[in-house]
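Here is a short report on one protein model. Look at the fold first, then read on.

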Amino acid sequence: MLTPATTFQREVFQARSTPLFSVVVTYAVALIGSVILFFLSHHHTIITNVKQLNIASVTMGLAIIFIEFGYILCYKAGWSAGTTAVTVNMTMTIILIPIVILVFHQGFTVRNAIGVLLAIVSLVLMNS
């Protein structure tokens, strides 16, 4: 039986536009809204903000592009919205663990390892 959410998902993601164009439109709207909010917030000037940027903003932007593109491909392939979101978030967390340990020298306890193991088991169970 089709739920309203499933019907909406099929209508949105069975569109004729390509997934990459969908991402472009999504982020164009977000960019316009962010620029408007920036100017309404009356913070530092654009030049001051550009000088204070670091590589993290660019890296995060690139990561978001690939993550969102992956979401759209999953939806177009027929995955449910709930399963996709949980799967992507858990997978990102598991991928980020070695990065956090190596780059930021954060600790990794037995409790953390058990949590990661449970996350992996839940991913397998959800997607089987």
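## A threonine inside a helix

Which backbone oxygen lies 2.7 Å from a polar atom of the side chain of Thr-87? The oxygen belongs to Thr-83.

Thr-87 sits in helix α5, which covers residues 81–104. Helices here are DSSP runs (H or I, at least four residues), as are strands (E, at least two), and both are numbered from the N terminus. Thr-87 has a relative accessible area of 10%, so the residue is buried. Leaving out residues up to four places away in sequence, Thr-87 touches Trp-79, Leu-123, Met-126 and Asn-127. A contact means heavy atoms within 4.5 Å.

Residues are numbered from 1 along each chain as its sequence is written, and side-chain values use heavy atoms, with hydrogens and water left out.

The term pLDDT is the predictor's confidence in each residue, from 0 to 100. The protein averages 81, and 88% of the residues score at least 70. Where pLDDT is low, the predicted coordinates should not be read in detail.

## The overall fold

The protein has six helices and zero strands. From the N terminus on, the order is α-α-α-α-α-α. Of its 128 residues, 12% count as buried. Take the contacts with a separation of 6 or more: residues 24 or more positions apart account for 64% of them.

Helix α2 has 23 residues and reaches 33 Å from its first C-alpha to its last. That is close to the 33 Å expected at 1.5 Å a residue. The expected span is 1.5 Å times one less than the number of residues. Just after α2, His-42 takes a positive phi of about 55°.

## Where α4 meets α5

Two packed helices are described by the angle between their axes and the distance between the axes. Helix α4 (residues 55–76) packs with α5 at about 145°, with the axes 10 Å apart. Axes are lines fitted to C-alpha atoms, for helices over the stretch in contact, and angles run from 0 to 180 degrees between N-to-C directions. This crossing of α4 and α5 is right-handed. Right-handed means that the near helix is turned clockwise from the far one by less than a right angle; left-handed means anticlockwise.

On the α4 side, Ile-67, Tyr-71, Cys-74 and Tyr-75 take part. Their partners in α5 include Ala-81, Thr-84 and Val-88. Thr-84 is buried, because its relative accessibility is 0%. Beyond its neighbours up to four places away in sequence, Thr-84 touches Tyr-71, Cys-74, Tyr-75 and Trp-79. Tyr-75 is buried too, with a relative accessible area of 14%. Ala-81 is partly exposed, at 37%. Its C-alpha is 8.8 Å from that of Tyr-71, ten residues apart in sequence.

## Where α5 meets α6

The axes of α5 and helix α6 (residues 110–126) come within 10 Å and cross at roughly 145°. Here the crossing is left-handed. Which residues of α6 does α5 meet? They are Val-116, Ala-119, Ile-120, Ser-122, Leu-123 and Met-126. From α5, the residues involved include Thr-83, Thr-87 and Met-90.

Between α5 and α6 runs a loop that holds His-105. Is His-105 buried or exposed? His-105 counts as exposed, because its relative accessibility is 66%. Its phi is near 55°, a positive value in a residue other than glycine.

Technical notes
This is a predicted model: local features need pLDDT of at least 70, side-chain atom pairs count only at pLDDT 80 or more; totals for chains, interfaces and linings use all residues. Buried means under 20% relative accessible area, exposed over 50%, partly exposed in between (1.4 Å probe, protein chains only). A polar contact is a pair of N or O atoms within 3.5 Å; within protein, one must be able to donate a hydrogen and the other to accept it, and residues adjacent in sequence count only if both atoms are side-chain atoms.
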